[in-house]
Amino acid sequence: MCLYTPRMIDPKRLREDPDHYKRGVARKRMSVDIDRAVALDAERRGVQQEQESLKAEQNKLAKQTGPKIGQLMGRLKKAEGDERAAIEAEIEQVKAGPAALKEQIQALEAKAQELSPELEALLLEIPQPPDNDVPDGDGSEHNVEISRWGPEGWDWAQTFEQNRGFAPKTHLELCESLGLVDFPRGVKVAGTRSYVLTGAGMRLHQAVLRYAFDRMVDQNGFSPMSVPVIVRESAMQGTGFFPHGRDQAYLIEESKRGGGHDAYLTGTGEVGLMGIHQDEILDEADLPLKYVTVSTCFRREAGAAGRDTAGLYRIHQFDKVEQVVICRADEAESRRYHQEMIGFVVDLLKDLGLPHRLLQCCSGDLGPKNADMIDVECWMPGRGDDSPDGRPVGDFGETHSASRLYDFQCRRLNMRYREGGAGGKGATTICHSLNNTVAASPRILIPILEMYQNADGSVTVPPAVRSYMGGIDAIKPAE
RNA sequence: GGAGAGGUGGCAGAGCGGUUGAAUGCGCCGGAUUCGAAAUCCGGUAUACACCUCGGUGUAUCGGGGGUUCGAAUCCCCCCCUCUCCGCCA
């Protein structure tokens, strides 16, 4: 019997090493009652075993009573009077044994059903424990810088003004002066945190996305995909965004009408990409699967009220090129692809000439599904606390996030592979998965605009994306 | 939005109350034949969980969950999913 309809963490491991999960919960600064889960699981398992032995007995009995009843029924047809009553009594007697068993089994069944909802809800909430080499910490403030990179001539010890010889404008100011984004009209159409990309702004947005997408396909060997952004609950749960992130997703109420199912707008292309092979048994020879998509992402940003309200940083809708890798269940392999996927981003940012740094996220910043996460932050000269003169001093802003999930997602998605290839007799094993941003726009436009701005107020188009901008080399203010 | 059909193993497709975990075909694996291959023939070929003397044993699974029955893939109820036709429409 399948004990666990919704799949979650490894039940065997939970039983054998509950401390592993307790540590994980503590390190992630979450609160999930592991002891309760283990107790419920044990109780449920006991009921299960009792039930199974009773059922074995029942099955054995049924094999005997079947023919016996058939025989008695045959005699009953011919019998009359007292003999008839005797046979009927005998039939009842034969039936009594299995009937008694059935009652016991049903009582156990009722008990199991009582335990299940709480147990399953709990199991779904247990997060993936962080890897041992992930530093402990409460949140993003405890993330650890691994490395940073700046283009030729960029000195991290100097301010933008010292580096470049003029005071930078913020991306907001540039968007307005260059006519790249119309915020008031975006808000008019769609509410807070909305925007309209206009003219060269829209063109740059598309150029960056297309550039990033083509790179992944042409240089890095990823399969290009277009995936649904309106998905079922099962896809959200399977990818690990539910239950914890439920309040971040847009539910489409209308989808419930006419007997329709719940549908949600995805906050990342990862959901659609990972959903592709849900409930499938893949051929080991086909792994790793490397997919890239570009999709519109929808985020409610619940709980972020008042944070990053201005500009293109924190918005409800954006477009993102996303990469995922589905590989064999092997830690070394998982780590290798993680590095590789981060490398693709670093190379892309170098090609774009954007100063950035890599951060090892601490345990408290990981989120439920990650065993490990590396963030990439780009330098944004127009960000950061206002200095005494009221101008920002510059700061890093997160632009990418590379997650390593082991089998957490694939277990929930029921995505496995057969060792030794399809048709073979090899064991089925749950895949491992990873994902990473390639480019999310318009957020990535912030460092591009702010870093490529010139003293005269124009913005140089990064050479890497020029061919996607009709060949123009700069965005200039309208005369 | 209206009306109808249907969900069985990797796939196709039987079975519609009693050794049916499930015919048959395809695919796949092993073997025979062959110089080798094709063709042909023979054998094998689901998953999950639990126990285990690692050889096996038990339980469950024919979309999911209940029910009827001594016994359910087969009968009844609820839910989920898919498809077809009409309407509307990028």
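Two strands pair if DSSP finds at least two bridges between them, and strands (E, at least two residues) and helices (H or I, at least four) are DSSP runs numbered from the N terminus. The views below come from a predicted model, where local features need pLDDT of at least 70, side-chain atom pairs count only at pLDDT 80 or more, and totals for chains, interfaces and linings use all residues. Residues are numbered from 1 along each chain as its sequence is written, while chains are lettered from A and ligands numbered from 1 in the order in which they are written.

**View 1. Strand S9 and its two partners, S4 and S10.** Here Met225 stands opposite Thr293 in S9. That pair belongs to the parallel pairing of S4 (residues 223-225) with S9, which runs over three bridges. With S10 (residues 317-327), S9 goes antiparallel, and 10 bridges join the two; look for Leu289 opposite Ile326 in S10. S9 itself (residues 289-298) is mostly covered, with seven of its 10 residues buried. Buried means that 20 or more other C-beta atoms lie within 10 Å of a residue's own; 12 or fewer makes it exposed, anything in between partly exposed, and the C-beta atoms are placed from the backbone.

**View 2. The largest nonpolar core, 85 residues in total.** A nonpolar core is a set of buried Ala, Val, Leu, Ile, Met, Phe, Trp, Tyr and Cys residues joined through C-beta atoms within 7 Å. Those with the most contacts inside this one are Val208, Ala212, Met216, Met236, Val321, Val438 and Ala439. A second, separate core has nine residues, including Met8, Ile9, Ala37 and Leu119.

**View 3. Val321 and the residues it touches.** Contact here means C-beta atoms, placed from the backbone, within 7 Å. Skipping residues up to four places away in sequence, Val321 touches Leu209, Ala212, Phe213, Met216, Val292, Val294, Val438 and Ala439.

**View 4. Helix H8 from end to end.** H8 has 20 residues and reaches 27 Å from its first C-alpha to its last, close to the 28 Å expected at 1.5 Å a residue (the expected span is 1.5 Å times one less than the number of residues). Among its buried residues are Leu204, His205, Tyr211 and Arg215. Gly221 follows the helix, with a positive phi near 75 degrees.

**View 5. Strand S12, with nine of its nine residues buried.** Asp372, Ile374, Val376, Cys378 and Met380 point one way from S12, while Met373, Asp375, Glu377 and Trp379 point the other way. S11 (residues 356-360) joins S12 through five bridges, antiparallel, and His356 stands opposite Cys378. S13 (residues 395-404) also pairs with S12 in the antiparallel sense, over nine bridges; there, Met373 stands opposite Ser403.

**View 6. An open three-stranded sheet, in the order S5-S7-S6.** Its pairing is antiparallel. S5 (230-231) and S6 (250-251) are the edges, each with a single partner strand, so one side of each has no neighbour in the sheet. Two bridges join S5 to S7 (residues 264-265), and Val231 has Tyr264 as its bridge partner in S7.

**View 7. Ala464, in the loop between S17 (459-460) and S18 (474-475).** Why is Ala464 partly exposed? Because it has 18 other C-beta atoms within 10 Å. Not counting residues up to four places away in sequence, Ala464 touches Tyr211, Asp351 and Leu352. Leu445 is 19 residues from Ala464 in sequence and 14 Å from it in space, C-alpha to C-alpha.

Methods. Contact = placed C-beta atoms within 7 Å.
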